There are 4 protein chains.
Amino acid sequence: MSLSSEQQTEIEAARAASHTTRRPTVAELEEQLFNAVPVLDHGFVRVVDYMGDDSAVVQAARVSYGRGTRRALEDEGLIRYLMRHYHSTPFEMCEIKFHVKLPIFVARQWIRHRTANVNEYSARYSILDKDFYLPAPEQMAKQSTDNRQGRGEVLDAEITARVLGLLRQDAEQTYGHYEDMLGDEVGLARELARMNLTLNTYTQWYWKTDLHNLFHFLRLRADSHAQYEIRVYAEAMLKLTEAWVPLSYKAFCDYRLGAVTFSAKMLDCVKKMLAGEAVTQETSGLSKREWAEFYAALGRV
Amino acid sequence: MSLSSEQQTEIEAARAASHTTRRPTVAELEEQLFNAVPVLDHGFVRVVDYMGDDSAVVQAARVSYGRGTRRALEDEGLIRYLMRHYHSTPFEMCEIKFHVKLPIFVARQWIRHRTANVNEYSARYSILDKDFYLPAPEQMAKQSTDNRQGRGEVLDAEITARVLGLLRQDAEQTYGHYEDMLGDEVGLARELARMNLTLNTYTQWYWKTDLHNLFHFLRLRADSHAQYEIRVYAEAMLKLTEAWVPLSYKAFCDYRLGAVTFSAKMLDCVKKMLAGEAVTQETSGLSKREWAEFYAALGRV
Amino acid sequence: MSLSSEQQTEIEAARAASHTTRRPTVAELEEQLFNAVPVLDHGFVRVVDYMGDDSAVVQAARVSYGRGTRRALEDEGLIRYLMRHYHSTPFEMCEIKFHVKLPIFVARQWIRHRTANVNEYSARYSILDKDFYLPAPEQMAKQSTDNRQGRGEVLDAEITARVLGLLRQDAEQTYGHYEDMLGDEVGLARELARMNLTLNTYTQWYWKTDLHNLFHFLRLRADSHAQYEIRVYAEAMLKLTEAWVPLSYKAFCDYRLGAVTFSAKMLDCVKKMLAGEAVTQETSGLSKREWAEFYAALGRV
Amino acid sequence: MSLSSEQQTEIEAARAASHTTRRPTVAELEEQLFNAVPVLDHGFVRVVDYMGDDSAVVQAARVSYGRGTRRALEDEGLIRYLMRHYHSTPFEMCEIKFHVKLPIFVARQWIRHRTANVNEYSARYSILDKDFYLPAPEQMAKQSTDNRQGRGEVLDAEITARVLGLLRQDAEQTYGHYEDMLGDEVGLARELARMNLTLNTYTQWYWKTDLHNLFHFLRLRADSHAQYEIRVYAEAMLKLTEAWVPLSYKAFCDYRLGAVTFSAKMLDCVKKMLAGEAVTQETSGLSKREWAEFYAALGRV
């Protein structure tokens, strides 16, 4: 993580503040507020503001005048019910704002989630820092042979070193030329010079969304099929979410993250198997790929 | 306003709470937090949560590590610049949540603003209160003769009394039958019985949006062409917004609420008039209606 | 259905048109284009325009220069893959526009789907027709005893007749007064008079959405837990969707409509049961309600 | 523009198709359908599908059963009224789909418009073509001295040649290494290798939006303050939009593109000036920057 001492000082100053409010607060999240959680080699994610807590979900579902909560057990039951039956609007009543530093190619995946508010550091207006992502050697993987958009086995050490060398060299060189173009001698417009940077250059943004859409993001991006470089951000955010709304988080883990959806045909297979019938891919009505996914979901090989 | 003593007690309990937070707080809004501001005969609007303040706009625009603020004057200048040039994303970084009680026909206009989160009191799940809107006599206006969707002069007192009598009688009667249908003797499903209610029955909801979309809502609904019954809600919300983000609010008043947009042709007329040329509707290239709007904007008759 | 002969003539005129286009067309949907499919006692749904077909999904997924299709089998496989793995954006590339006539209380549920474009008939601007929904006797059901937002058994015939009488009488009376208020003698503004109408009054709108969001709407509203009065619209739209994009529709039926999602705990139960272990609600870790839902999903009682 | 002969053939095949439809068609747009309009050195924009025409706007505003149009003059008047008074929903009833090839740094600006559907060519799944943007010499401008996010005067020829040399060399080299990483010898996963590409590499996508949101995009991106590299796309799209919906386009030009918004204070100045009063920046209440913008809008210097 590349926080300058000036940035660290700014963060410390924000953390030192203490205000009195009538709004609900979440002690576990306050504890982590503004702190930068390191992700990848120079990135981070930090919570810079939040609104609402588990009770706000309950309160909205009941359209109540006060805090809307009853016994803890009833509240948890209601939250689980809402999650299980896809009642998404009460979860939209909680909001969270992150400050994220991330490689541009990750930002390009991330921005596809449209139901969020974003302010990105502007390379038209300012000069980007000299920070670029270089994968750790254990992340230098081959193209997967059976998944057109995935990774396979790790490259051998010698090739890894060579490729990392190329990545570093190209990033250094293009950034150097970027600086040259912006220098006094040339003075090229920033909005043009930036085009010479590579996609592993770090950018940063403020990203704000509601709890429902955050869960949607996390379900897709904390998934094992998500690209590693975005998954690590999602994993850091999962922990922050758990600190913020522990009951909603638990329901999310049970009904989304750890859940499995069976198609009509797959459900049919389950029923037959439970009835003691032997089912094979050939008799299942499923394609080979679906059968493999089905079997994996059942924990079989 | 029809707050039961139980509801009032719930609100007081919420107001009595005091928490410590690292988040920015706004004393002027905290003062009003949870309080129900009366609107129409039985409605209200109240702020139940908020996130961010004027500085959050500045902070997002600067993608800063700390509070992001500099001298007060610079901050205000930046906010005005952002508003003037339609940089909407920094204003999206503030969020506010209202609890509103409003007639169903107003709710139907309101819900057309899609960029918001809503939880409405469910008449499938619960029984609606016996509250319905009856206009004050000075609001009992004739259909406008020159605006197909507006009001003209006020009805005379005798007719007003008669019409108010019909409105009251029909609302009472349909609500009475609604109760009968729900009673033990019949026991009709709530999701069916509700269809007998009139459109002036009050409903309520939690409504949450960001500052940019709130401004958009307020510009359209606090406008003199908006229907009176939604405009009074917008006006109450304008005051709450001023308490929350005074600098953004001021910029909004100057660049949106009090601003005027001249079409290419209208701008042409202004230029000619400033050059001392006489311009009439006939020579303006504007339709009669446009000319009237143009003249009104210039404060002429 | 209450189409006036004038409206029927307009529809016939639109159906008689024939144009030449380079755009893909779908013969099965063209056949039904503009036709009003009756729903409930006076409602309808009709397709008034569409864009794209199954191939457009494939084309977008492949970002192709031409039609993007290969062998039919490959195309269907791709569509099924996209649906199974929640790749929603290719389905967003198809768009459809409906004209719907529906009771106001149904419209209020429907409008909660925000990712759509809507133009509703304006009761500020025009006078609503005298059409209101009266349920068929077999739909006059009691409040469910085990589901707070559902229906139970049908009312007995005598009570049904009495309640239908009340619904009819109240709708007739309030509409009559609505007409009086709008009449020459009073001339109340339309935007005010409308508040006297009951929630079963029919309104109508143009509603346009993309295929992904249409599927989302249909999954929730064609579900057995949806209120009957909106479900019948969803069912009519399912048929039109099948005519439009048969391959996508089939994948939707398999992976969404007929699919079931098991929570982490439910999946655990399935695994144990397949391993021959006896699992009861008590040992399952599921609540009674979840266990009932789980058992129902497996087709057991 | 870099269309391979294979791509050109695909386009020709699509253009050769001719179907019969009951849907409204627009001959002027059909004429251009599928054709790639060149933009920048290797980019293009082409319309691949559309839905609706000027009459669809009218039809939706009137919620009509047939085509909804009356006399041409009335229709145009209605469209102008809707545009002038910000009635946006009828314009949402028209939809258009573009296929665009554009540099990644332009795509990153473009994607900030969230109310659109996008399918981008996937560099996880496929290999990006060797196409990168090099500005024409007359676009090689210095950083503006008075606008932190704009361009000033053009660089001198010698420096331009040197900078273009750097841009070309860096793009060639990083692309070459990208190919090496993907080659048999290394076989790095595509999702990793892509990070070595520079931001001027071309990508492509399908981009679909409705007419209201298209106008919003065009107003911001065809504006003289927009970066040149995105403005040229907007300008090409303006022409296609004119072919598609000529009446809406004309209203858009008058009430948006050529319009000017005066703040409350600016309007005050106009009124004073029209009354013959001398107004200077000092007496205007406007900041220096605002005064300059105000004067420019009035065509003064």
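**Exercises: annotated sites and the D–A interface**

The unreviewed UniProt entry annotates as "binding site" Thr89(A), Arg112(A), His113(A), Arg114(A), Glu120(A), Asp210(A), Leu211(A), His212(A) and His216(A); such annotations may be inferred rather than shown by experiment. The model is predicted, with local features needing pLDDT of at least 70 and side-chain atom pairs 80 or more, while totals for chains, interfaces and linings use all residues. Residues are numbered from 1 along each chain as its sequence is written, chains are lettered from A in the order in which they are written, and side-chain values use heavy atoms, without hydrogens and water.

**Exercise 1.** Determine where Leu211(A) lies and whether Leu211(A) is buried or exposed.

*Solution.* 
- Step 1: Leu211(A) belongs to helix 8 (residues 211-221) of chain A; helices are DSSP runs of H or I, at least four residues, and strands are E runs of at least two.
- Step 2: Leu211(A) has 0% relative accessible area, so Leu211(A) is buried (under 20%; exposed is over 50%, partly exposed in between, 1.4 Å probe, protein chains only).

**Exercise 2.** Describe the interface of chain D and chain A.

*Solution.* 
- Step 1: In chain D, 59 residues contact 59 residues of chain A.
- Step 2: The rule finds 6 salt bridges across the interface (a side-chain nitrogen of Lys or Arg within 4 Å of a carboxyl oxygen of Asp or Glu).
- Step 3: Arg108(A) and Glu120(D) form a salt bridge at 2.7 Å, N to O.

Definitions and conventions
Contact means heavy atoms within 4.5 Å.
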